[in-house]
Amino acid sequence: MSLRSSPLRTPRMKKEETFLGKLGGTLRRKKAREVSDLQEEGKNAINSPLAPSLADLHPEDTLLEENEERTMIDPTSKDDPKFKELVKVLIDWINEVLVEDRIIVKQLEEDLFDGQVLQKLLETLAGCKLNVAEVTQSEIGQKQKLQTVLEAVQELLRPHGWALPWTVDAIHGKNLVAILHLLVSLAMHFRAPIRLPEHVSVQVVVVRKREGLLHSSHVIEELTTTTEQMMGRFERDAFDTLFDHAPDKLSLVKKSLITFVNKHLNKLNLEVTELETQFADGVYLVLLMGLLEDYFVPLHHFYLTPDSFDQKVHNVSFAFELMLDGGLQKPKARPEDVVSLDLKSTLRVLYNLFNKYKNAE
């Protein structure tokens, strides 16, 4: 019996083990699929409303209170060459202004959020001293410093009537859009000797928490407009009217100015035919000032054959200094604009000379 019963029981045990093994494998695969599906659902729940900004999303950006809002720049906008140029120009400008303080800014969000660099920047530009603690480590202290700095900025910018799209919380929260708006406004107000790239816009992802879920929307934020609008020439003058409403008379004005400058430059066997290009390197402007004021300009004070943008800016800036020494008002144009072949800027400079020296022999 035992010999017969053993063979009969053995196949039944193997069959039961095989069934249980298959059942276990099925349950494990089902459980794995459920876990995988759950993970995928969780990933989609996080990614779908924020897909454009994953590369820019920090963990704290998802920790929002109900109805709280947070903004971040879309990564594609950060890759835009004009955006990168704007950031670089502003960083270089800050570092040049603060060179005496041995402050080096490398990343705007990380280096400006606590107010320390902004304080030094404003004090240097405005020639003032703010009543704030020099070093503040606590969040409360940093925000108090930022509040003082931004109130001082507001007082400076109030006469312009500009919108001030930044807050203490935005700057301290390392909101790059707010920081850029602030720096561009400071550069405009203080007429920084830099050339900001024109028409820089970024796509901003706005994340808001509603009913426990994160929702996103996109807005276009304009950071810069045109050079003329940005760099302080807000009062329209005769040249604005001329360009906008009487372009037919523009050639007459140019001919009059060409006749005026050639009357003096011909003494050095020099002749101008194109105003916007031949004054762009500053050489003719420097020589013209020497002729008008009847003195020789030492050649070591300027570049006779400038071969870089900076050398040309140096020449035009030097010519502006000679104009101030001659009793002229500070030109409305910026040296960078003249060097960049901005005709309206060049005409303003030359017309200023014409008004004073038109009867000079």
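Ser 77 is buried in this predicted model, with a relative accessible area of 10%. That value falls under the 20% limit, and the residue therefore counts as buried. Ser 77 lies in helix H2, which covers residues 75–78. The points below set out its surroundings, a strand pairing and a helix packing.

**Surroundings of Ser 77**
- The side chain of Ser 77 comes to 2.8 Å from the backbone nitrogen of Gln 203.
- Leaving aside residues up to four places away in sequence, Ser 77 is in contact with Phe 83, Val 202 and Gln 203.

**Strands E2 and E3**
- Strand E2 (residues 201–210) and strand E3 (residues 213–222) run antiparallel and are joined by 10 bridges.
- Val 202, one of the residues that Ser 77 touches, stands opposite Glu 221 in E3.
- The hairpin of E2 and E3 has 2 residues between the strands, and Glu 211 in this hairpin adopts a positive phi near 55°.

**Packing of helices H5 and H8**
- Two packed helices are described by the angle between their axes and by the distance between those axes.
- For helix H5 (residues 116–126) and helix H8 (residues 176–189), the angle is about 10° and the axes are 12 Å apart.
- Angles under 35 degrees count as roughly parallel, and H5 and H8 are therefore roughly parallel to each other.
- On the H5 side, Leu 118, Leu 121 and Leu 122 meet Leu 182, Leu 183 and Leu 186 of H8.
- The residues of this contact of H5 with H8 comprise 6 nonpolar, no polar and no charged.

Key. Residues are numbered from 1 along each chain as its sequence is written. This is a predicted model: local features need pLDDT of at least 70, side-chain atom pairs count only at pLDDT 80 or more; totals for chains, interfaces and linings use all residues. Side-chain values use heavy atoms; hydrogens and water are left out. Axes are lines fitted to C-alpha atoms, for helices over the stretch in contact, and angles run from 0 to 180 degrees between N-to-C directions. Helices (H or I, at least four residues) and strands (E, at least two) are DSSP runs, numbered from the N terminus. Angles under 35 degrees count as roughly parallel, over 145 as roughly antiparallel, 65 to 115 as roughly perpendicular and the rest as oblique. Contact means heavy atoms within 4.5 Å. Ala, Val, Leu, Ile, Met, Phe, Trp, Tyr, Cys and Pro count as nonpolar, Asp, Glu, Lys and Arg as charged, and the others, Gly among them, as polar. Buried means under 20% relative accessible area, exposed over 50%, partly exposed in between (1.4 Å probe, protein chains only). A polar contact is a pair of N or O atoms within 3.5 Å; within protein, one must be able to donate a hydrogen and the other to accept it, and residues adjacent in sequence count only if both atoms are side-chain atoms. Two strands pair if DSSP finds at least two bridges between them.
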